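Please read it alongside the model.

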Amino acid sequence: MKTMLISVINGPNLNMLGEREPQVYGSETLDDINSALGRAARDRGVDVEFFQSNSEGSLIDRLHECSRRSDGVILNAGAYTHYSIAIRDAIAAIRPPVVEVHLSNVHAREEFRRVSVIAPACVGQISGFGSTSYLLALEALVRIYEERS
Ligand code: DQA
């Protein structure tokens, strides 16, 4: 059987984790988070790949590429979550399930962060568990894959 491939996509400003508002986003860097995801994926026998971009078009291009290749996508779209209809449409256009993740609890912050325009196109949303949000998303995608195959 083909090994499951999970794509992890991070949007704007997430390359700044570790130094960016640590009181909100914690002290771990994106590399730290990706390393933990890599270990969790290995333990589950799945492959994982990583991508980060600060630009909307590059995120959309990457989502399109995932359509053929990936079996699940973990997406932290950063601030694009709250207003990018183009990213929502890209999620709706592709084959694999997409889990929306956030480090912070977006529902406990400013009013504008409570709105996710991408949520209706995603299989689910995980928000507020710091880097654990990504690990929970990985777990959810593995379960979906196992149920479908
Ligand atoms: C975030 C929450 C967004 O509102 C914010 O714009 C981010 C990070 C999170 O992971 O908590 O850049 O997606």
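A residue counts as buried under 20% relative accessible area, as exposed over 50%, and as partly exposed in between. By that rule asparagine 13, at 39% relative accessibility, is partly exposed. The model is predicted.

- Helix H3 runs over residues 56–69, which is 14 residues.
- At 1.5 Å a residue H3 should span 20 Å, and its end C-alpha atoms are 20 Å apart, so the two values agree.
- Leu59, Ile60, Arg62, Leu63, Cys66 and Ser67 are the buried residues of H3.
- Viewed down the axis of H3, these buried residues fall within an arc of 160°, and therefore they line one face of the helix.
- The packing partners of the buried residues of H3 are strand S1 (5–10), strand S2 (47–52), strand S3 (72–76) and helix H4 (85–93).

**H3 against H4**

- The axes of H3 and H4 are 9 Å apart, and the two helices pack at an angle of about 5°.
- Because angles under 35 degrees count as roughly parallel, H3 is roughly parallel to H4.
- On the H3 side the contact involves Glu56, Leu59, Ile60, Leu63, His64 and Ser67.
- On the H4 side, Ala86, Ile87, Ala90, Ile91 and Ala93 meet them.
- Sorted by class, the contact of H3 with H4 has 8 nonpolar, 2 polar and 1 charged residues.

- Asparagine 13 lies in the loop between S1 and helix H1 (22–25).
- The phi of asparagine 13 is near 75°, a positive value in a residue other than glycine.
- Glutamate 21 is also placed in the loop between S1 and H1.
- The phi of glutamate 21 is near 35°, again positive in a residue other than glycine.
- Glutamate 21 has 36% relative accessibility, so it counts as partly exposed.

**Aspartate 71**

- Aspartate 71 sits in the loop between H3 and S3.
- At 12% relative accessibility, aspartate 71 counts as buried, because the cut-off is under 20%.
- Beyond its neighbours within four places in sequence, aspartate 71 is in contact with Lys2, Thr3, Met4, Leu5, Pro96, Pro97 and Tyr145.
- Aspartate 71 and isoleucine 144 are 73 residues apart in sequence, and their C-alpha atoms are 9.6 Å apart in space.

Technical notes
Residues are numbered from 1 along each chain as its sequence is written. This is a predicted model: local features need pLDDT of at least 70, side-chain atom pairs count only at pLDDT 80 or more; totals for chains, interfaces and linings use all residues. Side-chain values use heavy atoms; hydrogens and water are left out. Helices (H or I, at least four residues) and strands (E, at least two) are DSSP runs, numbered from the N terminus. The expected span of a helix is 1.5 Å times one less than its number of residues. Buried means under 20% relative accessible area, exposed over 50%, partly exposed in between (1.4 Å probe, protein chains only). The arc is that of the directions from the helix axis to the C-beta atoms. Contact means heavy atoms within 4.5 Å. Axes are lines fitted to C-alpha atoms, for helices over the stretch in contact, and angles run from 0 to 180 degrees between N-to-C directions. Angles under 35 degrees count as roughly parallel, over 145 as roughly antiparallel, 65 to 115 as roughly perpendicular and the rest as oblique. Ala, Val, Leu, Ile, Met, Phe, Trp, Tyr, Cys and Pro count as nonpolar, Asp, Glu, Lys and Arg as charged, and the others, Gly among them, as polar.
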